[in-house]
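Here is a short briefing on a structure. Look at the sequence and the 3D view first, then read the points by topic.

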Amino acid sequence: MKIILALALLIVGVSSALAIDTGKAFDDPELQARYEKIIDEVRCLKCQNQTIKDSNAFLAGDLRREIRRMLDEGKDDDEIFEFLVARYGEFALYRPRASGKTLILWLAPVLLLFGGAVVLWRILKRRMAMPIDDIG
Amino acid sequence: MVRYLAPLIAFAILVPVLMIGLTRDPRQLPSPFIGNAAPQFELVSLTNPDERVGSTDLIGQMSLVNVWATWCVGCREEHGFLMNLARNKVIPIYGINWRDSRPDALRWLQQLGDPYVATGFDGDGRVGIDWGVYGAPETFLVDARGTVLYKHLGPLNAVVWDRDFRPLIEKHGGAT
């Protein structure tokens, strides 16, 4: 029992030591909340399936530093996203903004869901029309 | 009949789409700068801390902007090719030494040769972000008015040069 407790404590201790973002928190909690929300939405271009919040690549660190600087300068969220898109393209954002180029990304799930629903509906309709004995 | 053909047609459309997808490298991102003005920048020169290297240097002739670092394996790989370009005066090459240490970078140029007209020292990666750099080496082709014509990710070599750079340079009047 003691060993389990010791192990659990060790894991807790180690995981905080491995925290990725080592920068100092903002004094203003509201700014800190915005910062955390933004870095959770930005892709680390070096390690493409991680956000810059999750990544310890130095590029992610550099981008976090730039976002901190812009927040300190009083830039709003849109200006910060625009800064990133101008340099790295829409791909830098985990939720690309809806525009001509990214429209297909936003519409595809809806279209696929709709297509699936049509197929399902047709199959069900046919089965409903069958005599009970034929099913199964 | 339609019931049996429809899935087949859908399959026939899907296969080429997915095959094209397989041939693409997800690390190669389109640069938003292509066709647009190169980002404004000014850096302290790596080799001479009293001098500056910046956007104004790129105006007036077609040039390459090469982002490199001593920790970057691909940079070592392409260095010989850059030396060749410089030796044959194919095109002026400007370097951005990205997230590096100055002594390491200077030693690199001393040992392997310096193909650059000038190199800006970007120790904290600030200018790298302005150029949308995410992995060295990256090479930009910039025309005489400072417009980015092309960007290559990864080491340069003769194959890449003949395929991607040479035709573009010729199309835009050649480098002088």
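The predictor assigns the complex an ipTM of 0.84 and a pTM of 0.82.

**Confidence**

- The average pLDDT of chain B is 93, and 99% of the residues in chain B score at least 70.
- Where pLDDT is low, predicted coordinates should not be read in detail.

**Chain A as a whole**

- Going along the sequence, the pattern of chain A is α-α-α-α-α.
- Chain A is more spread out than a compact globule, because its radius of gyration is 24 Å, well over the 14 Å that the globule rule gives for 136 residues.
- Along the principal axes, the C-alpha atoms of chain A fill a box of roughly 70 × 55 × 30 Å.
- Of the 136 residues in chain A, 15% are buried.
- Among the contacts in chain A with a separation of 6 or more, 41% join residues 24 or more positions apart.

**Where chain A touches chain B**

- On chain A, 13 residues are in contact with eleven residues of chain B.
- Helices α3 (58-72) and α4 (77-88) of chain A each provide at least two residues of the side that touches chain B.
- α3(A) gives the largest share of that side, with five residues.
- By type, the residues on this side of chain A are seven nonpolar, two polar and four charged.

**Strand β3 of chain B**

**Neighbours of β3(B)**

- β3(B) pairs with β6(B), residues 138-142, in the antiparallel sense over five bridges.
- Within β6(B), Leu141(B) is the bridge partner of Leu64(B).
- β3(B) pairs with β4(B), residues 93-98, in the parallel sense, over five bridges.
- In β4(B), Ile96(B) stands opposite Val67(B).
- From β3(B) the chain passes through helix α3(B), residues 73-87, to reach β4(B), and this β-α-β crossover is right-handed.

How values were computed: Residues numbered from 1 in each chain as written. Chains lettered and ligands numbered in written order. Predicted model: local features only at pLDDT ≥ 70, side-chain atom pairs only at ≥ 80, totals over all residues. Helix = DSSP H or I, 4+ residues; strand = E, 2+ residues; numbered from the N terminus. Rg over C-alpha atoms; globule rule 2.2 N^0.38 Å. Buried ≥ 20, exposed ≤ 12 C-beta atoms within 10 Å, placed from the backbone. Contact = placed C-beta atoms within 7 Å. pLDDT = per-residue confidence, 0-100. Nonpolar A, V, L, I, M, F, W, Y, C, P; charged D, E, K, R; others polar. Pairing = 2+ DSSP bridges. Right-handed = clockwise from strand over helix to strand, strands pointing away.
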